[in-house]
Amino acid sequence: MSSTRAHSILSERLTDAIASLDSVPVARVTGRLVKVNGLMLQAVGCRFKLDQRCLVETSDGDMIEAQVVGFDHTIAYLMPIRRLGGLFAGAKVIPLDGDSSVHIGDDWLGRVVNGLGEALDDGTALKAGDRVSLEPKPINPLKRRPVDTPLDVGVRAINGLLTVGKGQRIGLMAGSGVGKSVLLGMITKNTAADVIVVGLIGERGREVREFIERNLTPEAREKAIVIAAPADESPLMRLRATLLCHRVAEYFRDQGKDVLMLMDSLTRYAMAQREIALALGEPPASRGYPPSVFSLLPQLLERAGNSEHPSGSLTAIYTVLADGDDQQDPVVDSARAILDGHVVLSRQLAEQGHYPAIDINASISRCMNTCTEPAHSTIANQFRQLYSNYQQVKELLPLGGYQPGQDPELDQAVAMYPKLKDFLLQSASENVDYPTSLTSLATLFQTAN
């Protein structure tokens with residue numbers, strides 16, 4: 001055999017040997033499960049990273065997905081994403097490579113998914129779209145586009161007196177049973193947006209279907225994405241669903257679309273983080289909430305809003321549960337300080353049949369002056385002054401303690417109160433667009449003058 005022929009055969013064998021290296025099984029380092037304490041798992045024997053996803057072996061041969069939430073020396077603390085079952089001492093814990101990411105595409109529109117991006121409806125399987133990380137890079141605050149365009153939400157009281165701008169973040173704050181879900185449904189049906197992202201976090205399981213069937217019209221359902229993590233899901237699943245809700249909204253915003261994100265509720269997200277932090281041994285700071293909750297809230301809320309892209313917006317509306325109607329609740333107070341405005345719902349108004357039960361004097365939109373005309377802001381402030389003046393003498397009227405003619409401003413407030421009240425009232429099925437709201441507000445004072 002010639003040297004040339006031998007060299008050719010040797011070269012071919014070497015090439016085949018190199019190509020076969022990809023099929024050679026590589027040894028994989030795994031850890032071992034040593035303790036289960038409630039929802040907290042402890043594993044050793046491997047180098048785990050914070051927030052790393054892992055697979056935990058069960059007695060049935062299945063694998064449960066978990067995530068590293070903390071560590072102590074050589075012990076890693078994991079929390080399962082799904083419900084526990086079939087765990088045993090010494091089970092394998094396999095760390096997964098890569099960060100937490102999900103494939104998002106246009107086929108998500110009109111679908112209902114869980115916190116892992118898995119379809120919950122009876123539709124076809126979601127196709128692989130663009131791979132995006134759940135933790136995007138923060139936006140440079142100097143490059144954010146300002147909020148300067150009003151957003152029509154179809155609610156007369158908000159359009160006229162608490163105008164919301166495209167890219168604004170606002171909170172609906174109230175106790176239980178005051179009408180948060182009804183108002184949220186009105187906004188969902190009436191707001192003009194290219195994409196609607198709804199996050200149902202920690203709520204009752206039956207409310208998921210009810211929200212879709214009652215609050216989403218067929219037209220809105222085609223452009224809506226519902227991400228659900230009911231109360232019976234693990235706290236880690238509720239956290240992941242919240243992050244996915246924001247990431248999906250950010251994805252479509254960066255494509256130049258106007259996105260409306262509704263999350264019900266921010267309080268359940270804080271409670272899920274509280275469960276994890278307390279299980280890790282973090283001491284409670286305020287009403288049982290550890291400090292990590294209040295450090296994560298601004299990180300989450302700052303992801304909403306406008307970005308540096310020339311087009312596209314992300315308007316976010318969060319419901320915040322005021323425990324016992326306490327507006328000084330730690331989560332309520334923290335959210336109020338971070339958000340760009342808040343709408344407070346009053347139980348007293350709800351008990352009087354006043355819907356939506358918006359307390360105008362306790363509510364504010366911090367972006368209203370930047371996205372409305374000066375004349376609009378002037379009339380809105382005049383409305384609030386008259387409404388506030390009436391509240392000062394409201395309790396004196398049945399007792400005869402108020403005598404007309406002594407204060408012209410109070411006389412005007414008492415005379416106009418029925419019209420002010422009618423302006424604030426609106427049925428859940430009624431849609432009052434932005435121009436009609438401004439016309440009604442202007443006509444109200446023209447008639448009075």
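**The barrel and its strands**

Analyst: In this predicted model, six strands close into a barrel in the order β1-β2-β5-β4-β3-β6, with antiparallel pairing. Direction ignored, neighbouring strands of this sheet are turned by 45° against each other on average. As for the conventions, residues are numbered from 1 along each chain as its sequence is written. Local features need pLDDT of at least 70 and side-chain atom pairs count only at pLDDT 80 or more, while totals for chains, interfaces and linings use all residues, and side-chain values use heavy atoms, with hydrogens and water left out.

User: What counts as a strand, and when do two strands pair?

Analyst: Helices (H or I, at least four residues) and strands (E, at least two) are DSSP runs, numbered from the N terminus. Two strands pair if DSSP finds at least two bridges between them. Here, strand β3 (residues 53–57) and strand β4 (residues 63–72) are antiparallel and share five bridges. Within this pair, V56 stands opposite I64 in β4.

User: How many bridges join β3 to β6, and how many join β1 to β6?

Analyst: Three bridges join β3 to β6, and these strands run antiparallel. In that pairing C54 stands opposite P95 of β6. Strand β1 (residues 31–37) and strand β6 (residues 92–95) are joined by two bridges, also in the antiparallel sense. The partner of R32 in β6 is K92.

User: How does one describe the way in which α7 and α8 pack?

Analyst: One begins with the axes, which are lines fitted to C-alpha atoms, for helices over the stretch in contact; angles run from 0 to 180 degrees between N-to-C directions. Helix α7 (residues 266–279) and helix α8 (residues 291–301) pack at about 135°, and their axes are 10 Å apart. Angles under 35 degrees count as roughly parallel, over 145 as roughly antiparallel, 65 to 115 as roughly perpendicular and the rest as oblique. The angle therefore makes α7 oblique to α8.

User: Which hand does this crossing have, and which residues make the contact?

Analyst: A crossing is left-handed if the near helix is turned anticlockwise from the far one by less than a right angle, and right-handed if clockwise. The crossing of α7 and α8 is right-handed. From α7 the contact takes L266, Y269, A270, Q273, R274 and A277, and from α8 it takes S292, V293, L296, L297, L300 and L301. These residues divide into nine nonpolar, two polar and one charged. In this scheme Ala, Val, Leu, Ile, Met, Phe, Trp, Tyr, Cys and Pro count as nonpolar, Asp, Glu, Lys and Arg as charged, and the others, Gly among them, as polar.

User: At what angle do α12 and α13 cross?

Analyst: Helix α12 (residues 374–393) and helix α13 (residues 408–424) cross at roughly 110°, and their axes come within 8 Å. α12 is therefore roughly perpendicular to α13. This crossing is left-handed. Among the residues that meet are F383 and L386 in α12, and L410 and M416 in α13. The contact of α12 with α13 comprises 13 nonpolar residues, four polar and one charged.

**Backbone features in loops**

User: Which residues have a positive phi although they are not glycines?

Analyst: D51 has a positive phi of about 70° and lies in the loop between β2 (40–44) and β3. With 48% relative accessibility, D51 counts as partly exposed. R287 has a positive phi of about 50° and is placed in the loop between α7 and α8. R287 is exposed, because its relative accessible area is 51%.

User: Where are cis peptide bonds found?

Analyst: One joins D264 and S265, with omega about 10°; S265 is in the loop between β15 (258–264) and α7. Another joins Y355 and P356, with omega about -10°. P356 is in the loop between α10 (347–351) and β18 (364–365).

Note on methods:
Contact means heavy atoms within 4.5 Å. Buried means under 20% relative accessible area, exposed over 50%, partly exposed in between (1.4 Å probe, protein chains only).
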